[in-house]
Amino acid sequence: MPKRPPLRAPRSQRTAPPLDRVERRLDRLDRRFGASGLPLDELLARNGVSRREFLKWSSFMTAALCLPPAFERAVARAAALAPRVPVVWLHLQECTGCTESALRSAYPGIAELILEYLSFDYHETIMAPAGHAAEKSLEDTLSKHRGEYLCVMEGSIPTAMDGKYLRLGPAGETGLSLARRVAADAKAVIAIGHCASWGGPQSAAPNPTGARPVHEALGIRTIRIPGCPYNSVSLVGTILNFLLVGDLPALADGRPAWAYAKRIHDTCPRRAHFDAGEFVEQWGDEGAKRGFCLYKMGCKGPYTWNNCNEMGWNEAASFPIRAGHGCIGCSENAFWDQMAPLEKPLADGGVDIPFVRGVEGTVDAVGWALVGGAAAGIAAHAAYSGLVKGTRGSGENREE
Amino acid sequence: MIRRVRRMSVVMRIMHWLLALSVVACFVTGLYIAKPGWLRPTGWGPSDALVMGNVRFVHFVFAMLLDVAFLVWLYLFFFSREAPLVRSLLPVGRRLGEAVRMLRHYFTLRDKPPTGDPHIDPLNAYGFLLIHLLVFVQMVTGFALMRPTFSHANSLVPVWPWILGKAEAASVAVLGSIVVVREVHHLAAFLIVALAMVHVYLQIWRDAFWTEGHISVVVSGYKYVEDEQPTKPT
Ligand code: HEM
Ligand code: SF4
């Protein structure tokens with residue numbers, strides 16, 4: 001038997017950070033931020049979450065972050081610190097769906113609670129001050145926590161016409177300028193949702209506002225947590241990771257590898273039906289009732305990397321594929337342009353016909369047209385040669 | 001006088017048929033993978049059907065055979081002792097002229113260029129090159145599509161995931177995303193089949209119109225040329 005190497009994590013993740021260093025770091029953060037914000041215990045108790053549930057959740061997050069069990073205590077400590085770290089959350093060119101999905105859950109899980117009570121020194125949707133007062137609290141945070149605050153950006157940044165498509169705040173500052181200013185002194189910039197990570201629907205062709213993802217518009221490094229909306233577990237995990245090691249997590253395509261390194265198709269609960277060849281053919285048919293694979297209904301799971309299968313949504317109750325609709329690939333670059341039509345397999349997807357502008361065929365139709373064209377050409381040439389040979393007699397073609 | 005002209009070595013002929021077989025097998029299985037419309041398992045209950053699994057397995061096995069055929073072809077392309085194809089391709093004036101003459105001959109049926117030469121005529125050679133280029137495209141894009149399926153845990157040789165990773169990185173760098181990679185893999189498949197159809201037709205056409213036994217080239221390795229005035233020995 002050949003010896004197989006074990007399944008290995010990406011190199012940067014292969015070794016856990018030394019636990020003692022992590023603990024020392026947490027001590028330091030405790031001294032710095034321990035007094036501000038709400039104590040997590042109180043927050044959880046107020047929301048009816050028991051200590052036991054919290055510990056279960058900490059070990060879940062420890063495993064999700066690919067850390068060994070010895071880190072559970074550190075993760076719990078980091079979670080307790082999380083609501084105290086200053087966060088500036090910018091709303092750019094977006095629909096606020098990401099914020100809504102995290103804040104509006106009927107039965108918020110611990111991840112959602114932590115997000116809800118993050119020390120949002122600036123978050124347009126939930127902060128109390130408005131207008132110039134809001135502006136002031138932003139300026140205060142920027143100067144008081146220079147280089148320490150985390151910046152979360154939701155939404156893409158329109159860059160056409162010098163960013164004039166997006167004006168924010170009482171002074172009408174452009175999104176481009178505000179984002180640049182806030183990003184400049186942030187400890188790290190987290191791009192939340194598809195728009196901030198990859199540009200979102202507004203950056204789909206023809207992209208009139210020149211919408212660009214944050215890292216492209218500002219030319220900076222971001223941690224991208226794409227999805228439409230993103231999963232709150234992925235954001236909280238990234239923040240915990242930050243508190244634990246003070247650095248970016250291992251990234252896959254700019255996204256935290258622990259959350260985005262697995263393909264939906266490979267961890268899908270319907271995968272056995274894919275391999276069996278059992279597919280939903282039509283919405284509501286017998287196969288749909290039996291939970292068959294949604295590949296022929298346009299599922300984009302084979303081209304999508306995310307943790308929906310493992311983490312689930314709404315307290316891990318479900319996620320689109322389990323609920324009966326195919327994946328639309330919302331965590332992938334340019335999904336709006338490339339994954340459409342969302343309810344058809346790629347073979348029925350549109351492609352521009354080469355050399356003919358503005359006309360679309362399906363991938364399959366273009367393919368068969370190629371083969372048909374070759375067959376027609378062959379038939380024409382055969383008929384032509386037969387004809388010429390018939391009129392010229394058979395001797396002629398042997399001339400050299 | 002009828003003269004036998006050797007055109008293809010044994011290895012070349014084996015690789016040719018291996019290529020033909022695997023292209024057909026990959027195309028048919030690929031069509032199923034793209035839009036699994038036939039071979040539906042009967043019944044609704046639990047079963048041990050593995051239709052897609054098996055079709056993908058067959059696709060991958062023939063893909064590997066295709067890769068072997070391609071790589072051997074690539075080697076012979078440069079280093080064949082008998083007739084390296086690369087020689088028919090040098091873009092020298094005479095070669096280009098021959099290709100144009102051959103093309104004109106196909107459409108006028110006059111002025112047949114000399115075909116007694118053991119080397120492949122350039123027009124045919126360009127066609128072979130194009131088909132093999134597309135096979136190379138299929139190989140790289142196919143490897144890219146295979147990448148998520150094979151890891152260190154399920155590969156016999158550790159270099160395999162590395163190769164797949166490189167193929168994925170390269171094709172995504174060129175094409176933009178794995179979705180486009182898959183569309184290109186799909187379209188290139190049809191292009192290969194279309195070119196293969198033209199290729200088969202041309203060989204039959206040559207066989208019928210030149211009566212030099214072109215089809216037997218790929219079976220026995222020889223074709224037969226009738227020299228009315230004996231040409232210079234080549
Ligand atoms: C040379 C090596 C090749 C490799 C490694 C390869 C590999 C693959 C892989 C991994 C897939 C995706 C299957 C899945 O994810 O379930 C695929 C699909 C496909 N392959 Fe290949 N393949 C190769 C050659 C070919 C050839 C020669 C043809 C046809 C002439 C072909 C036609 C197709 C088609 C039509 C599909 C479906 C694409 C779609 O989803 O639209 N492949 N192949
Ligand atoms: S439902 Fe989608 S992700 Fe799941 S097995 Fe089918 S194609 Fe793959």
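Here are a few stops, with something to look for at each.

Before you click, know that this is a predicted model, where local features need pLDDT of at least 70, side-chain atom pairs count only at pLDDT 80 or more, and totals for chains, interfaces and linings use all residues. Residues are numbered from 1 along each chain as its sequence is written, chains are lettered from A and ligands numbered from 1 in the order in which they are written, and side-chain values use heavy atoms, with hydrogens and water left out.

**Stop 1: chain B.** Colour chain B by secondary structure and you'll get seven helices and two strands. Helices (H or I, at least four residues) and strands (E, at least two) are DSSP runs, numbered from the N terminus. Follow the chain along its sequence and the pattern reads β-α-α-α-α-α-α-α-β. Of its 234 residues, 47% count as buried; buried means under 20% relative accessible area, exposed over 50%, and partly exposed in between (1.4 Å probe, protein chains only).

**Stop 2: the iron.** Now select the iron atom of ligand 1. Which protein atoms are its donors? They are NE2 of H59(B) and NE2 of H185(B), lying 2.0 to 2.1 Å from the iron. This pair links distant parts of the chain: H59(B) sits in helix α2 (residues 51–79) of chain B and H185(B) in helix α7 (residues 178–210) of chain B, 126 residues apart. Donors here are N, O and S atoms within 2.8 Å of the metal (3.2 Å for Na, K and Ca); water is not among the atoms, so sites may look incomplete.

Are these two histidines buried or exposed? H59(B) counts as buried because its relative accessibility is 11%, and H185(B) counts as buried because its value is 16%.

**Stop 3: the end of a helix number you know.** Stay on chain B and pick F79(B), which lies in helix α2. At 55% relative accessibility, F79(B) counts as exposed.

**Stop 4: over to chain A.** Select A82(A), in the loop between α4 (72–81) and β1 (86–91) of chain A. With 2% relative accessibility, A82(A) counts as buried. What does A82(A) touch, not counting residues up to four places away in sequence? Show I114(A), L118(A), I239(A) and L243(A); contact means heavy atoms within 4.5 Å. Finish by drawing a line from A82(A) to L243(A): they are 161 residues apart in sequence and 7.5 Å apart in space, C-alpha to C-alpha.
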